[in-house]
Amino acid sequence: QERPAGQVFRMYVDRIFSVSGFGTVVTGSVKGGSLRIAQTAYLLPPGKEARVRRLERYGREVAEVTAGDRASCNLVGISKADFQRGMLIADRILRSSRLLDATITLFPDSPPLSLWTQVVFLMDAFETQARVHLIDTDRLLEGGRALAQVHLFTPCIAQTGDRFVIRSSSGGATLGGGKIIDAAPLHHRRRPPALVSTLSRMAEGALPQRLAAEIRKHVAGVSGKYLAGALNCSPEEIAGAVRDGLPDGIMEYASDNARFFISRDAAGLLAASIVDSLRSYHERRPLDTNGRTFEELLGILKIVGSGEGGDFLAVFLSALCAEGTLKKAGHTFALAGHRVSLSPEISDHASRIERYFKDCRMQTPLAAELTQQARKMGIDGPQLKSILRYLVDSKVLYGVEGSYLHAGIVDGCRKKLLAGLETSPEGMTVAQFRDLVSGNRKLCLFLLAIYDREGVTRREGDRRVITDKGRDVLRRL
């Protein structure tokens, strides 16, 4: 059963045992969430999967351990050799980071910290060298408190609200401690007043500011479910913060199943990339009434379509269509203002290609013949493809798998077929249709594929029968 986002089980491992015949036993303090027998757990890093066989709390066997417990876990699927000090057990894969935004408080008798200070960073069983970069001051005096970004030498798996200790770089003296306010921040190369103001509100526990900071990290949108997991809170808390109002510069997009958020700047850049891609497409294919498919846009924007990125892009494209920036063109997206515009030269080429197909009458020319004829008209390969696509979109030609036929032939044969089927309840074979229109078998199969695709006929065994849609079409002829 899926656990609600925000209730993340974490236990930093401080002791490991290999028990013959019983797998591996680890002990530690549970930082959050809960873990049950037979549940899947992960050793982080790197994310190796294990199964929980047995649980103990303070030496007594239990079915579940929860936040605050001193626990022992018997795990199957990992060995003692897989562990290193500082690793943790979690109920899901969690990301690691070399950067942490935090508040730091020094003890009254600690030496001051300068703008950049090297320290030893400790959090539960995890320990690494780190550099502390002060954000809201150039010097932190003994007993003082400041905002800082901690640069870890070894990646750490942490969450918002976790507490830590810092010691002198030699490890000989404890300087103070702190609380994490962003477990995966952007790198703050500068310290503008806006950053200081945002981090100050985040340090005060303002969830809207924490949400906004997390949202601004994602250039292709992020869901409310993801935010709950990233900020170690519940979906209900996320929904409440949204109702109370997010900071300026954050935009919300909703679908039937999810709510997505993106910064206004990122949304503007994403929309500009989409528009530029479609404009380039239309310029290269002026006769194409369509645009790019959803899958093509995913690739161009480098968004993974199987996760939240694809879901967000679908919602974002719908919003761009609703506001009049884009339009749906068949199964593609095109610029709202895109219209096929024929130059005199292209118009002449299209007319000559149409006449060629009209002269072919009941014959579908081979691709090589069509290409050779186009060259004689001064039309190269890419131009021919564009013209054929335009003529098909304009219903001048019909195309099936690279073969084309003039619409006059298709429409005339359709009328004959539907009239014949109306009086033949048993249907009509390919041979009977061939005799009806005086065509060859290849042509008749081509035509029947078109009519089946339109839904005016239906194949039953070796015969075609008329459909209700076909009867409606016949009445209008």
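These entries record what I looked up in the structure above.

**Entry 1. Ground rules**

I worked from a predicted model, in which local features need pLDDT of at least 70 and side-chain atom pairs count only at pLDDT 80 or more, while totals for chains, interfaces and linings use all residues. I numbered residues from 1 along each chain as its sequence is written, and side-chain values use heavy atoms, with hydrogens and water left out.

**Entry 2. The chain as a whole**

I began with the secondary structure and noted 14 helices and 26 strands. Helices (H or I, at least four residues) and strands (E, at least two) are DSSP runs, numbered from the N terminus.

I then looked up the overall dimensions. The radius of gyration of the chain is 34 Å, whereas a compact globule of 477 residues would have one near 23 Å. This radius is taken over C-alpha atoms, and the globule rule is 2.2 Å times the number of residues to the power 0.38. The C-alpha trace spans about 100 × 55 × 40 Å along its principal axes.

For burial, I found that 47% of the 477 residues count as buried. Buried means under 20% relative accessible area, exposed over 50%, and partly exposed in between (1.4 Å probe, protein chains only). The chain exposes about 24,000 Å², of which carbon and sulfur atoms supply 49%; the areas come from the Shrake-Rupley method with a 1.4 Å probe, and for residues only the protein chains shown count as cover.

I also examined contacts, meaning heavy atoms within 4.5 Å. Among those between residues at least 6 apart in sequence, 62% join residues at least 24 apart.

Last, I looked up charge. There are 66 positive and 53 negative side chains, and the centres of the two sets lie 3 Å apart. Lys and Arg count as positive and Asp and Glu as negative, with His and the chain ends not counted; each charge is placed at NZ of Lys, CZ of Arg, CG of Asp or CD of Glu.

I found a cis peptide bond between L44 and P45, with omega about -25 degrees. A cis peptide bond also joins P45 and P46, with omega about 15 degrees. P45 sits in the loop between β4 (40-44) and β5 (48-57), and P46 is likewise placed in the loop between β4 and β5.

I next checked positive phi values. Y58, which is not a glycine, has phi near 50 degrees. Y58 belongs to the loop between β5 and β6 (60-62) and counts as exposed because its relative accessible area is 58%. S438 is not a glycine either, yet its phi is about 60 degrees. S438 lies in the loop between α12 (430-437) and α13 (441-454), and its 64% relative accessibility is why it counts as exposed.

**Entry 3. Buried positions**

I looked up F126 in strand β12 (residues 126-134). With a relative accessible area of 8%, F126 is buried. Leaving aside neighbours within four places in sequence, F126 is in contact with Y12, G86, F121, T154, P155 and C156. F126 and V13 are 113 residues apart along the chain, and 9.0 Å separates their C-alpha atoms.

I turned to G427, in the loop between α11 (407-422) and β24 (428-429). G427 is buried at a relative accessible area of 3%. Beyond four places in sequence, G427 touches L421, Q432, R463, R464 and V465. T457 is 30 residues from G427 in sequence, with 9.7 Å between the C-alpha atoms.

Q209 lies in helix α2 (residues 207-215) and is buried, with a relative accessible area of 11%. Not counting residues up to four places away in sequence, Q209 touches T198, R201, M202 and P247.

S34 lies in strand β3 (residues 34-36) and counts as buried at 10% relative accessibility. Its side chain makes a polar contact with the side chain of E64 at 3.1 Å.

S170 is in the loop between β14 (163-168) and β15 (174-182) and counts as exposed at 65% relative accessibility. A polar atom of the S170 side chain lies 3.4 Å from the backbone nitrogen of G172. S170 and V119 are 51 residues apart in sequence and 7.8 Å apart in space, C-alpha to C-alpha.

Note on methods:
A polar contact is a pair of N or O atoms within 3.5 Å; within protein, one must be able to donate a hydrogen and the other to accept it, and residues adjacent in sequence count only if both atoms are side-chain atoms.
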